[in-house]
Amino acid sequence: MKPLAITAFTATSALGRGTAAMLDALRRGASGLKPNDFDRAELRAWIGRVAGLEEEPVSGALAEFDCRNNRLAQLGLQQDAFMEAVSQARAKYGAKRVAVLLGTSTSGILQTELAYRSRNEQGALPEDFDYRHGQNLFSVTDFVRRALGLEGPAMTISTACSSSAKVFASAARYLEAGVADAAVVGGVDSLCLTTLHGFTSLQLVSDEPCRPFDAARKGMSIGEAAGYALVERQGNGLNLLGYGESSDAYHMSTPQPEGEGALAAMRQALGRAGLEPAAIDYVNAHGTATPANDRAEDRALVRLFGSRVPVSSTKGWTGHTLGAAGIIEAIVCFLALEHGLIPGTLNSSAVEPGLESRVVLQNRSAPLRHALSNSFGFGGSNCTLVFGA
């Protein structure tokens with residue numbers, strides 16, 4: 001494929017607001033994970049919570065969109081002069097020629113959860129409950145499109161944890177087909193009871209900060225985040241070089257043990273980028289710190305790269321941000337490429353015996369030209385992205 005330019009990007013997570021906060025935390029090895037204090041705090045877990053959302057309501061002309069997920073979307077848009085960059089693209093191409101493609105897994109489902117707690121004696125939901133502007137998966141994309149003053153194609157992708165990686169692939173197809181000249185891509189996923197209790201019921205949530213690939217790992221830490229990137233045909237600096245997508249259809253919640261789908265996605269991405277495996281300088285692994293995921297991903301990585309390429313998971317910083325994981329970890333790759341930083345695998349100290357990837361435990365500096373980011377979701381939905389400086 002012809003490389004596409006990443007002309008602006010921003011990330012807001014438990015590490016703070018904007019990419020400067022993220023880079024500072026990565027450099028210092030400072031995790032954003034904290035003991036669970038969300039809602040009634042019934043679960044013993046560590047979470048990656050974005051501070052201050054309760055004081056950041058959606059107001060004005062878009063007040064009907066107010067919910068935790070759209071508050072997070074709004075906060076993310078306000079960082080790193082991202083809205084200004086989109087405004088320039090809108091002026092350049094026209095509001096109808098800039099697409100908005102976002103990923104989420106649960107959208108504003110928290111509003112529905114809270115509404116069910118407030119049912120009356122007859123079981124009716126509160127009169128002010130608004131599904132369309134809250135839980136509806138298109139809500140966040142509709143909100144962002146309106147907030148940015150855009151009128152082009154808009155779509156929400158909800159494929160679990162690969163959602164906001166697959167938006168890059170969709171953007172590439174939109175631009176190639178000529179239905180848009182630029183695209184705002186990204187993902188927003190906020191904390192809710194469904195994911196906290198759901199993953200706990202699957203015995204996948206750790207009662208300590210997650211430790212990807214570690215021999216003593218206990219499971220994942222759930223986080224929330226909003227991230228965006230502006231994709232155009234031309235620009236200086238960072239580029240999307242390739243993407244790959246696959247579907248295991250192996251099991252609803254367990255990856256194929258040998259990583260067949262992950263391997264297929266990585267090979268596709270490298271093929272589109274016109275690169276051999278030896279050209280990749282760093283892999284940001286999906287690395288959830290769950291036993292099955294880490295082992296399957298390790299098998300796929302070793303089959304493609306051997307033990308040569310440095311690999312790390314950054315979920316020890318942010319937690320697993322689910323539908324926002326793809327964009328947040330893509331932005332980690334952007335920062336790695338720009339600053340020559342290979343982030344370590346925070347909280348991990350001893351890689352599980354039998355895992356053969358070159359898992360990096362401590363930060364290191366190195367000149368980087370090409371980075372690969374993996375995002376794998378429930379049901380075997382896999383996406384790999386290749387970026388270049």
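A salt bridge is a side-chain nitrogen of Lys or Arg within 4 Å of a carboxyl oxygen of Asp or Glu. The exercises below concern a predicted model.

**Exercise 1.** Determine what links Lys 218 and Glu 208, and where the two residues lie.

*Solution.*
Step 1. The closest N and O atoms of Lys 218 and Glu 208 are 4.0 Å apart, and the pair forms a salt bridge.
Step 2. Both Lys 218 and Glu 208 belong to the loop between α7 and β8, with 10 residues separating them in the chain.
Step 3. Through shared partners, salt bridges join Lys 218 and Glu 208 with Arg 44, Asp 207, Arg 211 and Asp 214 in one network.

**Exercise 2.** State which parts of the chain the salt bridge between Asp 207 and Arg 44 ties together.

*Solution.*
Step 1. An N to O distance of 3.9 Å is found in the salt bridge between the side chains of Asp 207 and Arg 44.
Step 2. Asp 207 is in the loop between α7 (193–201) and β8 (222–223), whereas Arg 44 is in the loop between β3 (34–35) and β4 (46–48), so the contact ties together parts 163 residues apart in sequence.
Step 3. In the whole model, the count of salt bridges comes to 27.

**Exercise 3.** Classify Arg 44, Asp 207 and Lys 218 as buried, partly exposed or exposed.

*Solution.*
Step 1. The class "exposed" requires a relative accessible area over 50%, "buried" requires one under 20%, and "partly exposed" lies in between.
Step 2. Arg 44 has a relative accessible area of 68%, so Arg 44 is exposed.
Step 3. Asp 207 has a relative accessibility of 31% and is therefore partly exposed.
Step 4. Lys 218, at 46% relative accessibility, also counts as partly exposed.
Step 5. Asp 207 and Lys 218 are themselves partners in a salt bridge, at 3.4 Å from N to O. Both lie in the loop between α7 and β8, so this pair ties together parts 11 residues apart in sequence.

**Exercise 4.** Describe the largest pocket by its volume, its lining and the elements that supply the lining.

*Solution.*
Step 1. The volume of the largest pocket is about 360 Å³.
Step 2. Its lining consists of 28 residues, and those nearest the centre are Ser 253, Pro 255, Asn 293, Phe 376 and Phe 378.
Step 3. By class, the lining comprises 12 nonpolar, 14 polar and two charged residues.
Step 4. At least two lining residues come from each of α9 (291–305) and β16 (370–377). The most are given by α9, which supplies five.

Terms used. Residues numbered from 1 in each chain as written. Predicted model: local features only at pLDDT ≥ 70, side-chain atom pairs only at ≥ 80, totals over all residues. Heavy atoms only, no water. 1 Å grid on protein atoms, 1.4 Å probe; cavity = no way out; pocket = protein on both sides within 12 Å on 5 of 7 lines; lining within 4 Å. Points joined across faces, edges and corners; volume = space filled by probe spheres on them. Helix = DSSP H or I, 4+ residues; strand = E, 2+ residues; numbered from the N terminus. Nonpolar A, V, L, I, M, F, W, Y, C, P; charged D, E, K, R; others polar. Buried < 20%, exposed > 50% of the residue type's maximum accessible area, 1.4 Å probe, protein only.
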